[in-house]
Amino acid sequence: MNPKRAFGPGGFTLIEILVALMVAGLLTAMVASLLGRSIVAGSALEETTQARQARLVLRRMLDMDVRNMPPGAAFEITENGFAFATSHNHLIPGPLPVTATWIFTGNTVVRSEEQPDLDHAQTLVVARSLERWETAFFDLTEGQWLDARSWLRSPDRPAPAGLRLRLVLDGIGLVEIIERLPLGVEHGIS
């Protein structure tokens with residue numbers, strides 16, 4: 001008798017098939033775990049990228065506004081923000097004098113610009129996830145930062161030399177922006 005034929009025709013035994021299915025199941029579970037981790041990591045990376053972009057947009061917009069303030073421009077401090085003249089605009093690709101108003105209200109940060117001579121007004125929501133905000137202005141005569149409420153209580157104060165803006169945005173965290181304001185700006189309170 002032939003030993004190869006003693007066990008019947010060639011093929012796999014039930015135990016071999018079960019072992020192969022177990023190994024395939026383990027490999028599938030490992031691949032699924034790796035894919036799940038990569039999806040979570042990719043999602044976290046995307047959130048981090050969006051947070052950086054939001055910070056960058058806020059910083060750049062405010063920096064462009066402040067850097068393009070004309071000499072002797074008025075800087076007005078209000079209860080919920082500030083306004084000043086700047087040549088940074090969103091109407092034309094060059095300088096155009098506009099009044100830029102930054103408003104912090106509800107859960108939004110809004111920048112609006114206005115040029116009455118050209119009948120131009122545009123409002124842009126810069127951030128929608130505002131949790132808290134705080135503005136402070138640097139007083140050169142006292143050599144210290146004063147919050148907006150303190151500044152508004154003293155209308156005879158000279159124009160601020162600096163602006164510090166602290167925003168807490170949901171999903172982003174603290175965004176702190178410090179800008180030096182041009183000397184010689186006129187001070188306004190409303």
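Predicted model: local features only at pLDDT ≥ 70, side-chain atom pairs only at ≥ 80, totals over all residues.

Colleague: In what order do the elements of the protein chain run from the N terminus?

Modeller: Helices (H or I, at least four residues) and strands (E, at least two) are DSSP runs, numbered from the N terminus. The protein chain has two helices and ten strands. Their order is α-β-β-β-β-β-β-β-α-β-β-β.

Colleague: What share of the residues in the protein chain is buried?

Modeller: Buried means under 20% relative accessible area, exposed over 50%, and partly exposed in between, with a 1.4 Å probe and protein chains only. The protein chain has 190 residues, and the buried share is 31%.

Colleague: Which residues have the most contacts inside the largest nonpolar core?

Modeller: Such a core is a set of buried Ala, Val, Leu, Ile, Met, Phe, Trp, Tyr and Cys residues joined through side-chain atoms within 4.5 Å. In soluble globular proteins, nonpolar side chains tend to be buried together. Here the largest core holds 29 residues, and those with the most contacts inside it are Leu58, Phe82, Trp102, Val109 and Leu167.

Colleague: Which residues does leucine 58 touch, not counting those up to four places away in sequence?

Modeller: Contact means heavy atoms within 4.5 Å. Leaving out residues up to four places away in sequence, leucine 58 touches Trp102, Val109, Val126, Leu167, Leu169, Val175 and Ile177.

Colleague: Which are the edge strands of the open sheet of four strands?

Modeller: Two strands pair if DSSP finds at least two bridges between them. The order in this open sheet is E7-E6-E8-E9, with antiparallel pairing. Each edge strand pairs on one side only: they are E7 (144-147) and E9 (173-180).

Colleague: What is the bridge partner of phenylalanine 138 in E8?

Modeller: E6 (residues 130-139) and E8 (residues 162-169) run antiparallel, with eight bridges joining them. In E8, phenylalanine 138 has as its bridge partner glycine 162.

Colleague: Is threonine 108 buried or exposed?

Modeller: Threonine 108 belongs to strand E4 (residues 108-115). Not counting residues up to four places away in sequence, threonine 108 touches Ile103, Val125, Ala127, Arg128 and Leu130. Its relative accessible area is 15%, so threonine 108 counts as buried.

Colleague: And aspartate 119, buried or exposed?

Modeller: Aspartate 119 lies in the loop between E4 and strand E5 (120-127). Its phi is positive, near 55°, in a residue other than glycine. Most residues other than glycine have a negative phi. With 73% relative accessibility, aspartate 119 is exposed.

Colleague: Which element gives the most to the lining of the largest pocket?

Modeller: The lining consists of Glu79, Trp133, Glu134, Thr135, Asp147, Ala148 and Arg149. E6 and helix H2 (148-153) each supply at least two residues of this lining. With three residues, the element that gives the most is E6.

Notes. Residues numbered from 1 in each chain as written. Heavy atoms only, no water. 1 Å grid on protein atoms, 1.4 Å probe; cavity = no way out; pocket = protein on both sides within 12 Å on 5 of 7 lines; lining within 4 Å.
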